[in-house]
Each structure stands twice: as structure tokens, then as C-alpha cells.
Amino acid sequence: MLSCQHIAEYATDYVEGRMNFWQRLKFRMHLRACVHCERFIRHMGLTCILSGRCAHQLATQEEVEAVLERIKSSQ
């Protein structure tokens, strides 16, 4: 299984979809077992989406706006 350090080093490649099937599978196996890395990758993906720097769109603009609206309304 991959280490947490490995997850941190290659997180951008994972989030931007620049891994082959087997690399993604190893990543996902670690993420299912490690709540800290799973949270890190989730936050990184959201940051990527909101900053507009992703190589591909992970969520539609409407989905992002809906999440932001829920965050605002819960404060």
C-alpha cells in the first residue's frame, strides 16, 4: 500500500487525472483506509475546482455554486 507521503507527493496528478488505472487504484485503496489522506485529497480537489486550475472539470459550475450557497447558509 502507498504511504501518506506518497499520497501528498502525487496528489496533484491524482486530482488532475494524470494517472493510469493501476496508479489510481493504488491511490484509492490508500484513501479508503486513511481518513486523513482522503480529506486532504477532497480538499485539494475542491481547491482545484474553485481556483479554476484543474486540467479537467470535476464538478459543474452549478454544483460548485450550490455547495457555496449551502456553506453560506450554514454560517
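Trp 22 has a relative accessible area of 58%, and because the cut-off for an exposed residue is over 50%, Trp 22 counts as exposed in this predicted model. Phe 21 is likewise exposed, with a relative accessible area of 56%.

A pair of aromatic rings is described by the distance of the centres and the angle of the planes. The structure holds two such aromatic pairs, and one of them joins Tyr 14 to Phe 27, whose ring centres are 4.8 Å apart while their planes meet at 15°. Since planes under 30 degrees apart count as stacked, this pair is a stacked one. Tyr 14 belongs to helix H2, which covers residues 11–15, whereas Phe 27 belongs to helix H3, and so the pair ties together parts that are 13 residues apart in sequence. Phe 27 is buried, at a relative accessible area of 1%, and Tyr 14, at 11%, also counts as buried.

In the pair formed by Phe 21 and Trp 22, the ring centres are 4.9 Å apart and the planes stand at 80°, so this pair is edge-to-face.

Is His 30 buried or exposed? Its relative accessibility is 5%, and His 30 therefore counts as buried. Leaving aside residues up to four places away in sequence, His 30 touches Met 1, Leu 2, Ser 3, Cys 4, Ile 7 and Cys 37.

Definitions and conventions
Residues are numbered from 1 along each chain as its sequence is written. This is a predicted model: local features need pLDDT of at least 70, side-chain atom pairs count only at pLDDT 80 or more; totals for chains, interfaces and linings use all residues. Side-chain values use heavy atoms; hydrogens and water are left out. Buried means under 20% relative accessible area, exposed over 50%, partly exposed in between (1.4 Å probe, protein chains only). Contact means heavy atoms within 4.5 Å. Rings of Phe, Tyr and Trp (its six-membered ring) pair if their centres lie within 6.5 Å; planes under 30 degrees apart count as stacked, over 60 as edge-to-face and the rest as tilted. Helices (H or I, at least four residues) and strands (E, at least two) are DSSP runs, numbered from the N terminus.
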